[in-house]
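Good morning. I will talk through one structure today, and I will keep to what can be computed from its atoms. Please look at the model first.

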Amino acid sequence: MFYQYIIIGGGAGGLELAARLGRKFGRQYGRDKVLLIDKTAYHIWKPTLHEVAVGTVNPQQEGLYYSALARRNHFSFMLGNVIKLDPENKQLTLASIYSHQEQDEMIVPERVFSFERCILALGCGSNFFNTLGAEQHAYVLENVYDAQNFQVHLLNLFTKSAYSPKKVLNVNIIGGGATGVELAAELTEAYQEILQTFGSSQYFDINIHLIESAPRILAGLPEHVSAQATHALQQKGIKVSVSTRAEEIGRDFVRTNHETLDSDVVVWAAGIKASNNNALFGLPINRINQFEVNSQLQTPFEGVYAMGDCASCKWDDERYVPARAQAARQQAIYLHKLLYAHHQQQTFTEPFVYKDSGSLVSLGDNKGVGNLMGSLSGKNFFIQGLIAKWMYMSLHLMHHQAILGAPKTLLLAFARLVHRRVSGRLKLH
Ligand SMILES: Cc1cc2nc3c(=O)[nH]c(=O)nc-3n(C[C@H](O)[C@H](O)[C@H](O)COP(=O)(O)OP(=O)(O)OC[C@H]3O[C@@H](n4cnc5c(N)ncnc54)[C@H](O)[C@@H]3O)c2cc1C
């Protein structure tokens with residue numbers, strides 16, 4: 001089967017690109033012009049995974065079906081896991097699909113697709129840096145299934161701690177980047193919420209320990225943002241250890257370069273690495289399996305592009321574009337422009353230029369912290385509190401607006417607010 005544009009991966013970047021291209025071409029040429037492929041059936045905004053993990057976001061309500069988004073935005077959607085790419089002959093292969101109930105029953109065989117242009121937007125997973133026991137014993141937040149898996153385990157641990165004589169739950173989070181910090185903060189909120197559903201005889205303590213190997217948390221952000229975030233976490237009762245490296249993770253312990261800690265559960269949020277499968281795609285990759293692209297996001301093969309977390313793209317002489325939702329979004333907007341210009345047979349020489357508009361980190365329900373870059377002055381502004389939290393949420397809203405349009409985004413935001421008020425903040429099943 002042939003498609004002119006195939007986008008693989010419907011995350012923060014790929015879905016936005018599919019929606020933009022679909023709206024541009026689909027109305028005029030039909031939905032078969034642009035195909036989006038994803039290995040899951042529904043989309044969830046990845047920066048909310050820490051909320052899914054603690055149960056403050058329900059993925060069944062938050063998730064949007066790709067097939068419905070495809071219909072609305074005039075592109076096609078195919079469920080499938082890309083396992084092979086032949087960039088020279090412009091072909092890709094999707095793995096067979098097996099039934100969840102009957103593991104042996106193949107319901108869809110392997111499929112091969114040809115394309116004129118293919119955009120890889122596969123995202124990234126976790127980097128365990130060969131730490132002993134990390135892969136076996138630590139939870140990760142790579143996708144919605146990981147987050148749901150952790151949430152079920154967390155509910156079990158809450159219940160177990162409420163009835164055990166120990167009355168304490170030890171949670172260790174490895175990695176003090178945005179994911180680790182946001183998860184630690186959200187976890188304290190979930191803990192407060194769960195206590196409200198318990199009687200006083202079931203109360204238990206929680207020890208949340210955030211472990212970071214660098215000299216400060218949020219090392220990629222300005223120092224005062226790190227200092228403010230550390231202070232806010234400590235006020236919530238979270239222990240923050242910096243210059244501390246996790247060296248071994250066991251079933252009930254974490255051994256660092258300083259001490260051995262008791263542990264009921266560990267979450268690994270210490271770094272990213274793209275899939276090992278990327279090495280089989282016949283494209284140059286870097287040491288963390290990201291596809292190397294030029295300033296127009298193209299791989300060495302004409303018509304094969306990579307974007308978002310799975311792409312290694314130079315920012316300037318020293319730095320690479322960071323793995324962030326805002327970068328994936330900017331690349332989607334850029335590629336849409338580039339592909340449209342090519343379609344119009346115009347010469348397009350403009351390179352992709354990443355504009356850092358700052359970074360915001362959520363510190364729970366009504367708090368955030370971060371820095372914003374002034375677009376004219378280029379100066380860095382520090383913001384915190386409720387305003388920072390609102391600005392943090394605006395990136396999510398902008399993503400929804402790009403795939404749903406403004407009226408539906410507003411309606412959805414309102415419906416979710418009402419649902420939360422009525423049914424409570426925490427998902428308890
Ligand atoms: C808990 C958490 C909090 C975060 N907070 C922030 C934040 O506050 N701000 C920020 O800017 N960034 C944040 N990030 C990072 C941000 O989520 C990523 O940078 C962004 O999602 C990258 O977008 P992407 O399109 O490259 O990949 P993703 O959004 O990861 O999407 C990749 C898609 O590819 C699909 N896929 C993967 N492999 C295959 C395959 N073989 N075949 C078919 N489909 C495939 C996946 O199912 C997925 O849908 C956070 C990340 C996490 C985990």
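Start with Glu-62 and Arg-416, which form a salt bridge, with 3.2 Å between the closest N and O atoms. By salt bridge I mean a side-chain nitrogen of Lys or Arg within 4 Å of a carboxyl oxygen of Asp or Glu. This is a predicted model, in which local features need pLDDT of at least 70 and side-chain atom pairs count only at pLDDT 80 or more, while totals for chains, interfaces and linings use all residues. Residues are numbered from 1 along each chain as its sequence is written, and side-chain values use heavy atoms, with hydrogens and water left out.

Now the domains. The domain assignment gives domain 1 (2-124 + 274-343), domain 2 (127-268) and domain 3 (358-422); such bounds come from an automatic or database domain assignment. Between domain 1 and domain 3, the C-alpha centres are 24 Å apart. Domain 1 puts 25 residues into the contact and domain 3 puts in 16 residues, where contact means heavy atoms within 4.5 Å.

How much area is buried between domain 1 and domain 3? The figure is about 1700 Å², and carbon and sulfur atoms give 52% of that. Buried area here is the accessible area, taken with a 1.4 Å probe, that two parts lose on being put together, summed over both. The size of an interface is often given in this way, as the accessible area lost when the parts come together.

Across the interface of domain 1 and domain 3, the rule finds one salt bridge. Between these two domains there are also nine residue pairs in polar contact, both residues being at pLDDT 80 or more. A polar contact is a pair of N or O atoms within 3.5 Å; within protein, one must be able to donate a hydrogen and the other to accept it, and residues adjacent in sequence count only if both atoms are side-chain atoms.

On the side of domain 1 that touches domain 3, at least two residues each come from α1 (14-29), α2 (49-54), α3 (59-62), α4 (66-73) and α9 (325-343). Helices (H or I, at least four residues) and strands (E, at least two) are DSSP runs, numbered from the N terminus. Helix α1 gives the most to this side, with five residues. Sorted by class, this side of domain 1 has nine nonpolar, eight polar and eight charged residues. For the classes, Ala, Val, Leu, Ile, Met, Phe, Trp, Tyr, Cys and Pro count as nonpolar, Asp, Glu, Lys and Arg as charged, and the others, Gly among them, as polar.

Next, salt bridges in the whole structure: the search finds 13. One of them joins Arg-20 and Glu-16, at 3.3 Å from N to O. Both residues lie in helix α1, four residues apart, which is about one turn of the helix. Is Glu-16 buried or exposed? Glu-16 is buried, at a relative accessible area of 0%. Buried means under 20% relative accessible area, exposed means over 50%, and partly exposed is in between, with a 1.4 Å probe and protein chains only.

Another salt bridge pairs Arg-117 with Glu-116, at 3.8 Å from N to O. Arg-117 is buried at 12%, whereas Glu-116 is partly exposed at 32%. Both residues turn up again around Gln-4, which sits in strand β1 (residues 2-8). Leaving aside neighbours within four places in sequence, Gln-4 is in contact with Lys-33, Phe-115, Glu-116 and Arg-117. With Lys-33 there is a polar contact, side chain to side chain, at 2.4 Å. Gln-4 counts as buried, with 16% relative accessibility.

Arg-255 is partly exposed at 28%, and Glu-248 is partly exposed at 23%. Through shared partners, salt bridges join Arg-245, Glu-247, Glu-248 and Arg-255 into one network.

Last, the backbone. Most residues other than glycine have a negative phi. Leu-297 is in the loop between β20 (291-292) and β21 (304-306) and is buried, at 0% relative accessibility. Ser-243 also has a positive phi, near 50°. Its loop runs between β14 (239-241) and β15 (246-249), and Ser-243 is partly exposed at 38%.
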